[in-house]
Amino acid sequence: MITGGTETARLLPWSGEGGKPCYLVGDGTGYLSRVADTVESVQLGMSVALLDHAADMLDDHKVTAAQLRFLAARMAEALRDVHRIAESRGARLPVPVHDGPACPDDPDGMEGEDEDEDPQGRCPQPGFGLG
């Protein structure tokens, strides 16, 4: 995530040329941010409807292989959309600062007492605040 003051780079729920990711830099209150919110909402709603449709199709023993392949392709698209939304939203979450031990593998908080320790008490392992 790119930050600058109160502005952040948001991964948008659509791709650019050649499937490259699109980002919006801003404070999250502008017109394009609202459009992105709407697109995300539609994509999430469509994925729920697709899951319901998939459940119905899987219960129907007359469904053809071609129909199941088509369903699988649509589900892959929906999963890609939902993954992009999760990635975008996760990147915009604040980095947690822990009051307790810096890392889950260090219950006493004794490790990491050298110059490489994060001054904000975050765990330096991937997935725990530093990335």
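Predicted model: local features only at pLDDT ≥ 70, side-chain atom pairs only at ≥ 80, totals over all residues.
Good morning. I begin with R10, whose place is in strand β2. Strands and helices here are DSSP runs numbered from the N terminus, a strand (E) having at least two residues and a helix (H or I) at least four. Residues are numbered from 1 along each chain as its sequence is written, and side-chain values use heavy atoms, with hydrogens and water left out.

Is R10 buried or exposed? R10 is buried, at 6% relative accessibility. For this term, buried means under 20% relative accessible area, exposed means over 50%, and partly exposed lies in between, with a 1.4 Å probe and protein chains only.

What does R10 touch? Not counting residues up to four places away in sequence, R10 is in contact with C22, Y23, L24, S33, A36, D37, E40, S88 and R92. Contact means heavy atoms within 4.5 Å. Two polar contacts of the R10 side chain deserve mention: one with the side chain of D37 at 2.8 Å, and one with the side chain of E40 at 3.2 Å. A polar contact is a pair of N or O atoms within 3.5 Å; within protein, one must be able to donate a hydrogen and the other to accept it, and residues adjacent in sequence count only if both atoms are side-chain atoms.

I turn to the salt bridges. A salt bridge is a side-chain nitrogen of Lys or Arg within 4 Å of a carboxyl oxygen of Asp or Glu. How many salt bridges does a search of the whole structure find? The search finds 5. One of them joins E40 to R10, with the closest N and O atoms 3.2 Å apart. This pair links distant parts of the chain, since E40 is in helix α1 and R10 in strand β2, 30 residues apart. E40 is itself buried, at 1% relative accessibility.

E40 also meets R92 in a salt bridge, at 3.9 Å from N to O. R92 lies in the segment after α2 and E40 in helix α1, so this pair ties together parts that are 52 residues apart in sequence. R92 is partly exposed, with a relative accessible area of 31%. A network of salt bridges links R10, D37, E40, R89 and R92.

Another salt bridge is formed by the side chains of E77 and R74, at 2.8 Å from N to O. Why are E77 and R74 separated by about one helical turn? It is because they are 3 residues apart in helix α2. Both count as partly exposed: E77 has a relative accessible area of 36%, and R74 has 27%.

Next, the strands. Strand β2, residues 7-15, and strand β3, residues 21-26, run antiparallel and are joined by 5 bridges. Two strands are taken to pair if DSSP finds at least two bridges between them. T8 stands opposite G26 in β3. The hairpin of β2 and β3 has 5 residues between the strands, and in this hairpin G18 takes a positive phi near 70 degrees.

Let us now consider helix α1. The 29 residues of α1 should span 42 Å at 1.5 Å a residue, and its end C-alpha atoms are 43 Å apart, which agrees. The expected span is 1.5 Å times one less than the number of residues. The buried residues of α1 are S33, A36, E40, Q43, S47, L50, A54 and M57, and they pack against β2, β3 and α2.

Which residues make up the largest nonpolar core? They are L50, A54, M57, V63, L71 and A78, 6 residues in all. The elements giving two or more residues to this core are α1 (31-59) and α2 (65-91), and the largest share, 3 residues, comes from α1. A nonpolar core is a set of buried Ala, Val, Leu, Ile, Met, Phe, Trp, Tyr and Cys residues joined through side-chain atoms within 4.5 Å. Leaving aside residues up to four places away in sequence, A78 touches S47 and L50.

Apart from its neighbours within four places in sequence, V82 is in contact with L44 and S47. The C-alpha atoms of V82 and L44 are separated by 6.6 Å, although these residues are 38 residues apart along the chain.
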